[in-house]
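The sequence and the model are shown first, and the description follows.

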Amino acid sequence: MKVINIDLDYLGRDEIVIALGNFDGVHLGHRLLMKKAIETAKRLDAKSCVLLFNEHTTATLFDKKKKELTSNEAKLMYLKKIGIDIVYMIDFNEEFMKMSPEVFVKNFLVKNLNAKGVVVGYDYRFGFKAMGEVETLREFCKTENLSLDVIDAYKIDGEVVSSTRIREAISDGRLEEANKLLGHTYFIKGVVDHGKKLGTKMGYPTANIITKEEMQLPGDGVYDTRIKVEGDETLYKAATSIGNNPTFSGESLKIEANILDFKEDIYGKKVYLYFIKKLRPMVVFDSVEELFDRIAKDVEEVRKSK
């Protein structure tokens, strides 16, 4: 898979069939678009392609953007596994944002990117102030002799699979539901920092994980997780708490992973934390001893999990 950083003056050499959207989460609905792009590209003897923005579009459109489900690093990993040929990366800047729907299709997609086909979801919007709709796109594609595939809503349990639905499930701690909708295990990337080491003193050393503020985190609670350390492909079991350490009157949000049967020094290393399910809500304990008794039970539950 080729990853190419482009701007609005870029001229593509390869004929492409391009899948368009934000693709936050690269969930099961998104994967239908990708697979259709690959299928159509083969039929047209072209390359399958995805256009990604270097930053989520809401970062430009609004002062407060939505929490991210998937970093671009993760998106590229998933797209490679799916089998996409080319990923174009572009800034969602003011110039891009102000393109009319017609200029976006006729100039950018056709003349610049050499598109022969387009794949979008049923609710796709594009162009300045999202004025372009699927029917608008259909008209332009007909004029420009572009193949167009519009993918219907993908439903699970009678509801549409969407990034919003997944974001809400993660926020509520419903990780099993979120993972089902995603089609993969939700994870965040972070760096291990020096914490207060209270757990170490009680025999339960934890990795204090710092992640991007923009990432969507599960709500406060204790979770059954798996963790992978940079440079080590092993997935270790971990009991992970997310919250402000209420027993110790903490104020700032912390992500603390108790990695089972692991004694390596990983301070400063990147880690990938995968969320399996929620074990319990965050609780204020009457004593430190009660807290660590509960941690022992959490660790044992994670140890027994598959």
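Ser-147 counts as buried, because its relative accessibility is 17% and buried means under 20%. The model in which this value was computed is a predicted one. Ser-147 is placed in strand 6, which covers residues 147-151. Leaving aside neighbours within four places in sequence, the contacts of Ser-147 include Thr-40, Arg-43 and Leu-44. Lys-116, Gly-117 and Val-118 are also in contact with Ser-147.

Two packed helices are described by the angle between their axes and the distance between the axes. The table sets out two such pairs.

| Helix pair | Residues | Axis approach | Crossing angle |
|---|---|---|---|
| Helix 1 and helix 3 | 28-43 and 72-82 | within 10 Å | roughly 45° |
| Helix 5 and helix 6 | 101-112 and 134-143 | within 10 Å | roughly 35° |

Helix 1 and helix 3 are therefore oblique to each other, and their crossing is right-handed. On the side of helix 1, the residues that meet helix 3 are Arg-31, Met-34 and Ile-38. Their counterparts in helix 3 are Tyr-78, Leu-79 and Ile-82. Sorted by class, this contact has 5 nonpolar residues, 1 charged residue and no polar residues.

The crossing of helix 5 and helix 6 is right-handed. Here Pro-101, Glu-102, Val-105 and Lys-106 of helix 5 meet Thr-136, Leu-137, Phe-140 and Thr-143 of helix 6. The contact of helix 5 with helix 6 divides into 4 nonpolar, 2 polar and 2 charged residues.

**The two sides of helix 3**

Which residues of helix 3 are buried? They are Asn-72, Ala-74, Lys-75, Tyr-78, Leu-79 and Ile-82. Seen down the axis of helix 3, these buried residues fall within an arc of 155°, so they line one face of the helix. An α-helix has 3.6 residues a turn, so residues three or four places apart point the same way.

Just after helix 3, Gly-83 takes a positive phi of about 110°.

Conventions. Residues are numbered from 1 along each chain as its sequence is written. This is a predicted model: local features need pLDDT of at least 70, side-chain atom pairs count only at pLDDT 80 or more; totals for chains, interfaces and linings use all residues. Side-chain values use heavy atoms; hydrogens and water are left out. Axes are lines fitted to C-alpha atoms, for helices over the stretch in contact, and angles run from 0 to 180 degrees between N-to-C directions. Helices (H or I, at least four residues) and strands (E, at least two) are DSSP runs, numbered from the N terminus. Angles under 35 degrees count as roughly parallel, over 145 as roughly antiparallel, 65 to 115 as roughly perpendicular and the rest as oblique. A crossing is left-handed if the near helix is turned anticlockwise from the far one by less than a right angle, and right-handed if clockwise. Contact means heavy atoms within 4.5 Å. Ala, Val, Leu, Ile, Met, Phe, Trp, Tyr, Cys and Pro count as nonpolar, Asp, Glu, Lys and Arg as charged, and the others, Gly among them, as polar. Buried means under 20% relative accessible area, exposed over 50%, partly exposed in between (1.4 Å probe, protein chains only). The arc is that of the directions from the helix axis to the C-beta atoms.
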